[in-house]
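Let's walk through a structure together, one feature at a time.

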Amino acid sequence: MKIHHVGYLAKNIEKTEKKFLELGYTVERETSYDSIRDINIEFLVNGDYRIELIQPMSENSPMYPLLKHFRNAPYHFCYEVDDIEAAIKELEDKRYTVIQEPDIAPCIDGKRVVFLNNISMGIVELVEF
Ligand code: NI
């Protein structure tokens, strides 16, 4: 599966962005707010690599516990799929469990995304193109 981005948690997205820019990353999409998940998101690129910075904006964000657990760190790979339902079924057969049902991602042009977890893999995101 082709990687779309690596999701990177940030306690303070501006401070973390600055550290990435220092290493030669450039801003692909400026910070925007995802009201479904109560997070700020920004996309950075470095060659073929795309990083998604994610800052939970309150303790009510479903991503807040992840920030508490991982701190400033990468925590998911997102893969591009043609058919999100078919891809979910395929991964469920491989012992992945859906942890956030398919929903639109306002910061990725409203494309549908889903999050799954596997005990040996951790969190995986799928985005439907
Ligand atoms: Ni993501």
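**Reading the strands, the metal site and the cysteines**

V98 stands opposite L116 in strand 7.

Before we chat, some ground rules: this is a predicted model, where local features need pLDDT of at least 70 and side-chain atom pairs count only at pLDDT 80 or more, while totals for chains, interfaces and linings use all residues. Residues are numbered from 1 along each chain as its sequence is written, and side-chain values use heavy atoms, with hydrogens and water left out.

Q: In what sense do strand 6 and strand 7 pair, and over how many bridges?

A: Strands here are DSSP runs of E, at least two residues long, numbered from the N terminus, and two of them pair if DSSP finds at least two bridges between them. Strand 6 (residues 97-105) and strand 7 (residues 111-118) are antiparallel, with six bridges. They make a hairpin with five residues between them, and D109 in that turn has a positive phi of about 55 degrees.

Q: How many bridges join strand 7 to strand 8?

A: Six, and strand 8 (residues 122-128) runs antiparallel to strand 7.

Q: Which residues are the protein donors of the nickel ion?

A: Donors are N, O and S atoms within 2.8 Å of the metal (3.2 Å for Na, K and Ca); water is not among the atoms, so sites may look incomplete. Here they are H5 (NE2), E52 (OE), H76 (NE2) and E125 (OE), 2.0 to 2.1 Å from the nickel ion. H5 sits in strand 1 (residues 3-9) and H76 in strand 5 (residues 73-81), so this pair ties together parts 71 residues apart in sequence.

Q: Why is the arrangement around the nickel ion irregular?

A: For four tetrahedral donors, the ideal angle is 109.5 degrees. To count as tetrahedral, four donors need all angles between 85 and 135 degrees; four count as square planar and six as octahedral if opposite donors are over 155 degrees apart and all others between 65 and 115, and anything else is irregular. The angles at this nickel ion run from 85 to 179 degrees, so it's irregular.

Q: How many disulfides does a search of the whole structure find?

A: A disulfide is a covalent bond between the sulfur atoms of two cysteines, taken here as a pair within 2.5 Å. The search finds zero. The sulfur of C78 is 13 Å from the closest cysteine sulfur, in C107, which is too far for a bond.

Key. Helices (H or I, at least four residues) and strands (E, at least two) are DSSP runs, numbered from the N terminus.
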